[in-house]
Amino acid sequence: MAEGDVLFVEVVAADRRVWEGEALSVIARTTEGDIGIMANHEPLLALLVPCAAEILTKDGKREVLAVDGGFISVAENRVAILSQYGRLAHEILVEEAERERRAAWKRMNEGDNSEATRQHFNRAHAQLAAAKKAQQAQVS
C-alpha cells in the first residue's frame, strides 16, 4: 500500500482528541447526506449532522464514533472531524444513552423546544447509532 493510499484522520471534540491515526476510509453524515472519503479525495469542507461516523483503519479495524454535528474537512489526504461532542462507540453506555434520549424526547413533547434540549436529544441519538453500528460490526 503506497503512502498516497492512506488518510491521516483526526477527530477532535471540544474537550479532547477523540481519535487520530491512519485510515483507508471515513464515512460521515453531512447536511447533504452520507459521504465516503478515501485517499486522494478532492478538498472538501462540509457541515455534519449528529451521526455515527465510521473509520476503517489502515490495519483493517473499524472505529465507530458518535458526533453531535460539527464539520468535516478534507485536504491532501488529511481528514479532520471537528465536533462539540465526540465519543468512541466502546465508550458509550447504551442504557444511559437510551435514558437520556427518552428524557430529551419527553421534554420536547412537553413543548421544550430549546437548543439545549434538541442538542441533548441529538447527542443521545448519535450515541445510540454509534453503539448499534459497533455491535453490528462485532456480530458480522
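A: Let us begin with burial: a residue is buried under 20% relative accessible area, exposed over 50%, and partly exposed in between, with a 1.4 Å probe and protein chains only. F121 is buried, at a relative accessible area of 15%, whereas W105 is partly exposed, at 45%. The model is predicted, and local features need pLDDT of at least 70, side-chain atom pairs count only at pLDDT 80 or more, and totals for chains, interfaces and linings use all residues. Residues are numbered from 1 along each chain as its sequence is written, and side-chain values use heavy atoms, with hydrogens and water left out.

Q: How many aromatic pairs are counted by this rule, and which residues form a pair?

A: Rings of Phe, Tyr and Trp (its six-membered ring) pair if their centres lie within 6.5 Å; planes under 30 degrees apart count as stacked, over 60 as edge-to-face and the rest as tilted. The count here comes to one aromatic pair. W105 and F121 form a tilted pair, with 5.6 Å from centre to centre and 40 degrees between the planes. The pair links distant parts of the chain, 16 residues apart: W105 belongs to helix α1 (residues 94-109) and F121 to helix α2 (residues 115-139). Helices (H or I, at least four residues) and strands (E, at least two) are DSSP runs, numbered from the N terminus.

Q: Which residues have the most contacts inside the largest nonpolar core?

A: A nonpolar core is a set of buried Ala, Val, Leu, Ile, Met, Phe, Trp, Tyr and Cys residues joined through side-chain atoms within 4.5 Å. The largest such core has 23 residues, and V9, I72, V79 and I81 have the most contacts inside it. Two or more residues are given to this core by each of β1 (7-13), β2 (17-30), β3 (33-38), β4 (44-57), β5 (62-75) and β6 (78-83). A second, separate core of 12 residues includes A126, L128, A130 and A134.

Q: What does I72 touch?

A: Contact means heavy atoms within 4.5 Å. Not counting residues up to four places away in sequence, I72 touches A28, T30, I37, L44, L45, A46, L48, V79, A80 and I81. With the same exclusion, E63 is in contact with W19, A53, E54, I55, T57 and L88; E63 is placed in strand β5. In helix α2, T117 is buried at 4% relative accessible area, and its contacts beyond four places in sequence are A104, R107, M108 and D112.

Q: Which residues make the nonpolar surface patch?

A: Patches are made of residues with over 30% relative accessible area and no salt bridge; like charges are joined within 9 Å, and nonpolar side chains (Val, Leu, Ile, Met, Phe, Trp, Tyr) within 5 Å. Accessible areas come from the Shrake-Rupley method with a 1.4 Å probe, and for residues only the protein chains shown count as cover. L45, L47, F71 and L82 make a nonpolar surface patch of about 400 Å². Within it, L45 lies in strand β4 and is exposed, with a relative accessible area of 65%.

Q: How many salt bridges does the structure hold?

A: Side chains of opposite charge can pair when their charged atoms come close. A salt bridge is a side-chain nitrogen of Lys or Arg within 4 Å of a carboxyl oxygen of Asp or Glu. The structure holds 13 salt bridges. In one of them, the closest N and O atoms of K133 and E54 are 2.9 Å apart. K133 lies in helix α2 and E54 in strand β4, so the pair ties together parts that are 79 residues apart in sequence. K133 is partly exposed at 27% relative accessibility, whereas E54 is buried at 14%.

Q: What links E10, R17 and E20?

A: A network of salt bridges links E10, R17 and E20. E20 and R17 meet at 3.7 Å, N to O. E20 is partly exposed, with 44% relative accessible area, and R17 likewise counts as partly exposed, at 44%.

Q: Where is N40 placed, and what is the value of its phi?

A: Most residues other than glycine have a negative phi. N40, in the loop between β3 and β4, has a positive phi near 70 degrees and is exposed, at 57% relative accessible area. N77, in the loop between β5 and β6, has a positive phi of about 60 degrees, but N77 is buried, at 15%.
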